[in-house]
Amino acid sequence: MLKVGIIGCGSIFTMHATSTDHLPNAELVAVCDVKPDRADRAAEKYGVRAYYDYKEMIEKETLDVVHVCVPHYLHPIISRYALEHGVNVLCEKPMSIKLEDGEYNVRLAKERGLKYGIIFQCRFNNTSRLVKENLDNGTLGKVISARVTLTWCKPDSYYALSDWKGTWDKEGGGVVIDQAIHSLDLANWFINDTPVRVQAHLANRGHDIMEVDDTGEGFINYKGGATLSFWAMNNYGCDDPIEIRMLCENGKVVMSYDEATVTLNDGRVLTAKTGDDNLYYEGGKDYWGFQHIREIADFYDAVENDREPKISGEEALKIQKLICAIYDSGRNDKTVIL
Ligand SMILES: NC(=O)c1ccc[n+]([C@@H]2O[C@H](COP(=O)([O-])OP(=O)(O)OC[C@H]3O[C@@H](n4cnc5c(N)ncnc54)[C@H](O)[C@@H]3O)[C@@H](O)[C@H]2O)c1
């Protein structure tokens, strides 16, 4: 049994704790939060030890894996501490705010022979898998162009509840690094090529109490000729379905709400639904990404069998590089050449 500790008992905590509880090869033994009431409540619910200091938890417990579920700016700091103390790390997205902090931990994990994984659970949705399989096996051919749209609702009241969201130093951005990162990661993963040029615009149009982007739009060129356009904003009146559309050599892809449709030029139509065989449990998210358990299962298997997890730190650097380039372009009003 892998001994697991979770650092950060906020809104995403339940997805991690319940997943660990459901998996046969791991046991949650400790939780940690700087807010004692949160740590105590979580510890009581899962029957484990509570800590208020992550260093103490890592030093006192003999952990195989820590899950890092804290504000963005702490991701690389806590991941680094755990890796330096010989513990495998599964960190929530994004791996860091600055690219070099993510790169540092990828090198560190490699040097220490430890597993370092980053949560991008949407890759494990049935819809994402359908699209990726049909790209990898050549059925769809290469992606020619892709577009992502996200129109969600995160009003001032959402930011007022958080002591870190909506700030450049603690969140590292807004709608792009926090919400659109999943869909941008999917599109980047589908295109499976190297981005070479990024042009982006960022704005805060609808929020009074926060300083980061509530709107981002951009255009990315890839080495092999593919393009990715995106438009993301969280000042809409409700969370409307995210859409990813792609024109490929042999067909088209539409991912919207909980469905993916692959329409091939030869007339075949392939479909999948995100939720077909999903485990739904208390604290579960809605259609857009409640596959934490699949990614966590993959990570534990990678630790047990000494293989790389499907979304290793190295793999996550690809989207991290793109996100950093989008902010560089948008904040400095320039075209970024990678
Ligand atoms: N994968 C997803 O779909 C998804 C969804 C939501 C959140 N997230 C990510 O999960 C992470 C946490 O988000 P959240 O919504 O749960 O935030 P949150 O603010 O609800 O929870 C964060 C918790 O971390 C605690 N914390 C802060 N500093 C700490 C420290 N030094 N040691 C221990 N605990 C500390 C806070 O007290 C808080 O309870 C973020 O990276 C976020 O982007 C991912």
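Modeller: The chain falls into domain 1 (2–121) and domain 2 (122–286 + 312–337), with bounds taken from an automatic or database domain assignment. This is a predicted model, in which local features need pLDDT of at least 70 and side-chain atom pairs count only at pLDDT 80 or more, whereas totals for chains, interfaces and linings use all residues. Residues are numbered from 1 along each chain as its sequence is written, and side-chain values use heavy atoms, with hydrogens and water left out.

The centres of domain 1 and domain 2, taken over C-alpha atoms, are 25 Å apart. To the contact (heavy atoms within 4.5 Å), domain 1 gives 26 residues and domain 2 gives 31 residues. Between them the two domains bury about 2400 Å², 65% of it on carbon and sulfur atoms; buried area is the accessible area (1.4 Å probe) that two parts lose on being put together, summed over both. Of the area that domain 1 buries against domain 2, Leu-99, Phe-120 and Gln-121 supply 27%, more than any other three residues.

Charged groups also take part. Domain 1 and domain 2 share 3 salt bridges, each a side-chain nitrogen of Lys or Arg within 4 Å of a carboxyl oxygen of Asp or Glu. Lys-110 forms a salt bridge with Glu-314, their closest N and O atoms lying 3.2 Å apart. On the side of domain 1 that touches domain 2, the elements giving two or more residues are α1 (13–22), α5 (99–112) and β6 (116–118); helices (H or I, at least four residues) and strands (E, at least two) are DSSP runs, numbered from the N terminus.
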